[in-house]
Amino acid sequence: MPLIALTGGIASGKSTIAARLASLGAVVVDADALAREVVEPGEPALGAIRGAFGSEVMRDDGTLDRAALGRLVFADSESRHVLNGIVHPAVLHRSHAAFDAAFAEDRRAVVVYDVPLIDARGVGEFERIVVADAPAEVRIERLVRLRGMTEEDARARVAAQLSDEDRRALATDVIDTSGTLEQTRSRADALWSRLRP
């Protein structure tokens, strides 16, 4: 019953790896999806965000204005720290519930936690830490081309995250995602063969 962390910087190809592992039989728990769940209307974390950042990060319908919040926290490390202090504990609780449910259903499952901020979690709970790795310039180009960000916004997002060196230092496995989609999928297949020999 291996529990694997899959991490990587924004636009690193992490989602491609997660999707490939899921197609091969892994149970993928998506930290970003959990982070969206915990800030839905009625959730305590949403109220805490409004209290910390004010109504300018809220939409008229009571939902979180993610773009406004993103502009704020990616430009200011203290704001990002405050946000992480609200969201991370809620996501931690939900992720553990998801791991437990997956292993209760199949104790031999390979559970992959798709998580951008491995530095925010204790690494000791994971059997392996897989890093999706692409140079910063490749990720910036992807953000501009595929997500429509300005180059300035893309650079700010990349700079706000854990450095590539620090992420690699945590890794038991590094998957180079700077090439084609097929190359990345092939490398994910090789990882799967190590997880399920």
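The model described here is predicted, and residues are numbered from 1 along each chain as its sequence is written. Local features need pLDDT of at least 70 and side-chain atom pairs count only at pLDDT 80 or more, while totals for chains, interfaces and linings use all residues; side-chain values use heavy atoms, with hydrogens and water left out.

A look at confidence comes first. The protein chain has a mean pLDDT (the predictor's confidence in each residue, from 0 to 100) of 92, and 96% of its residues reach 70 or more. Helices (H or I, at least four residues) and strands (E, at least two) are DSSP runs, numbered from the N terminus. Confidence is highest in strand S2 (residues 27-30), at a mean of 97, and lowest in helix H8 (residues 164-170), at 88.

Charged contacts are next. A salt bridge places a side-chain nitrogen of Lys or Arg within 4 Å of a carboxyl oxygen of Asp or Glu, and the structure holds 14 of these. One of them pairs Arg94 with Glu37, whose closest N and O atoms are 3.2 Å apart. Because Arg94 belongs to helix H5 (residues 77-105) and Glu37 to helix H2 (residues 31-37), this pair ties together parts that are 57 residues apart in sequence. Both partners are partly exposed: Arg94 has a relative accessibility of 26%, and Glu37 has one of 31%.

Asp133 is buried, at a relative accessible area of 15%, whereas Arg168 is partly exposed, at 33%.

A local pairing is found within helix H6. Here Arg145 forms a salt bridge with Glu141, and the closest N and O atoms are 2.5 Å apart. The two residues both lie in helix H6 (residues 136-147), four residues apart, or about one turn of the helix. Arg145 counts as exposed, at 53% relative accessibility, and Glu141 as partly exposed, at 38%. Beyond individual pairs, salt bridges that share partners join Glu37, Glu43 and Arg94 into one network.

Notes: Buried < 20%, exposed > 50% of the residue type's maximum accessible area, 1.4 Å probe, protein only.
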